Amino acid sequence: MTDRLTESVESARQLTVVWRSMVLDRDAHADVRDLPGIAVRWADCPFAFWNCVTLTDVGVDTEALGHRLGQAADIMRTKKYPGFLWLFEDLLDGEARSSVDTATEQAGLRYAFPGTGMAGDLLPIPEPAHPELTFTRVRTEEQVRAYADINSRAYGFPLEAGRDGLAGSALWKNDVYAYLGMRGDVPVACAATVEAEGRLFVILVATDPQWQRRGYGEAVTRKALYEGARATGLTRAVLHATAAGAPVYPRIGFQPNSPIRFYSLKD
């Protein structure tokens, strides 16, 4: 495999590994099946990011793509709460990639938003600082709620949805290196890293919309990477960037690999 394809496979694999632990943390009886060519990571909760299906085969052709998308959409239709199909473009062959719009339409899926897989052997990094922020590790339920609320505001979810996804989590207080960027006593940004198969995975980075474009997201991401690397000794990091984050992460040392398409079910 080419280096980029290898990193794209790694990116999809990291999703399935990390989301398994996140979804089971939310609900010990969550749907975390690994089917032929499809990974289901579905907590069936109001926090849509914890409801995930992704295609896992490499070199998927047009016929297989249509079949897998139909299966994935059927799985999504059995669930109470909506979520997303994550489609890593680099796992498709060239012909399948050019037929994605038709195949997703036929499966009853609607394009939601774009993303990009990124990775890099970039750790350790210098201890970060920002003149307007201090950093606090998430350890209390109040801090978990603040972390959830920043994500909800940034991604346009109801506050109750984010709280449902994270509230009461021991994982986020103990095993995830989750940090709040604090402007005085106001939490304004957040980022976290978690160890997964010899890498640090960056997860749920967000900045409160009223405090965006001040470098807060980059600063708190650097803090989560710095502390995660210091605790684990890991040198490689992986993340999935939204369009808003995509310009930020290369400044830290991440390189893009596969474009990611997010789909939801048509109404």
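This is a predicted model: local features need pLDDT of at least 70, side-chain atom pairs count only at pLDDT 80 or more; totals for chains, interfaces and linings use all residues.

Modeller: Let's start with a helix pair. Helix 2, residues 62-77, packs with helix 4, residues 100-107, at an angle of about 35°. Their axes are 9 Å apart.

Colleague: Which hand does the crossing of helix 2 and helix 4 have, left or right?

Modeller: The crossing is right-handed.

Colleague: And which residues of helix 2 and helix 4 make the contact?

Modeller: Helix 2 brings Leu65, Leu69, Gly70, Ala73 and Arg77. From helix 4 come Val100, Ala103, Thr104 and Ala107. By class, that contact has 6 nonpolar, 2 polar and 1 charged residues.

Colleague: OK, on to the sheet. What is the strand order?

Modeller: The order is 1-2-3-4-11-5-10-9-8-7-6. These 11 strands form an open sheet with mixed pairing. Strand 1 (34-35) and strand 6 (134-137) are the edge strands, and each pairs on one side only.

Colleague: Take strand 3 and strand 4. Do they run parallel or antiparallel?

Modeller: Parallel. Threonine 54 stands opposite tryptophan 86 of strand 4.

Colleague: Which strands does helix 4 touch?

Modeller: Helix 4 packs on the sheet and touches strand 4, strand 5 and strand 11. Its direction makes about 30° with that of strand 11.

Colleague: What about helix 1 and strand 9, at what angle do they run?

Modeller: About 70°. Helix 1, residues 3-26, lies across several strands, including strand 1, strand 2 (38-42), strand 8 (186-196) and strand 9.

Colleague: Switching to pockets. What volume does the largest pocket have?

Modeller: About 820 Å³. Its lining counts 34 residues. Tyr155, Val205, Thr242, Ala244 and Gly245 lie nearest the centre of the pocket.

Colleague: Which strand gives the most to that lining?

Modeller: Strand 9, with 7 residues. Among the other elements that supply at least two residues are helix 5 (141-155), helix 8 (216-232) and strand 10 (237-242).

Colleague: How many residues of the lining are charged?

Modeller: 4 are charged, alongside 22 nonpolar and 8 polar residues.

Colleague: Last topic, backbone geometry. Where is there a cis peptide bond?

Modeller: From leucine 123 to proline 124, with omega near 0°. Proline 124 sits in the loop between strand 5 and strand 6. Most peptide bonds are trans.

Colleague: And what is phi of leucine 204?

Modeller: Near 50°, a positive value in a residue other than glycine. Leucine 204 is in strand 9.

Technical notes:
Residues are numbered from 1 along each chain as its sequence is written. Side-chain values use heavy atoms; hydrogens and water are left out. Axes are lines fitted to C-alpha atoms, for helices over the stretch in contact, and angles run from 0 to 180 degrees between N-to-C directions. Helices (H or I, at least four residues) and strands (E, at least two) are DSSP runs, numbered from the N terminus. A crossing is left-handed if the near helix is turned anticlockwise from the far one by less than a right angle, and right-handed if clockwise. Contact means heavy atoms within 4.5 Å. Ala, Val, Leu, Ile, Met, Phe, Trp, Tyr, Cys and Pro count as nonpolar, Asp, Glu, Lys and Arg as charged, and the others, Gly among them, as polar. On a 1 Å grid over the protein atoms alone, a cavity is a set of points where a 1.4 Å probe fits but cannot get out, and a pocket is an open set with protein on both sides within 12 Å along at least five of seven lines; lining residues have an atom within 4 Å of a point. Grid points are joined across faces, edges and corners, and a volume is the space filled by probe spheres set on the points. Two strands pair if DSSP finds at least two bridges between them.
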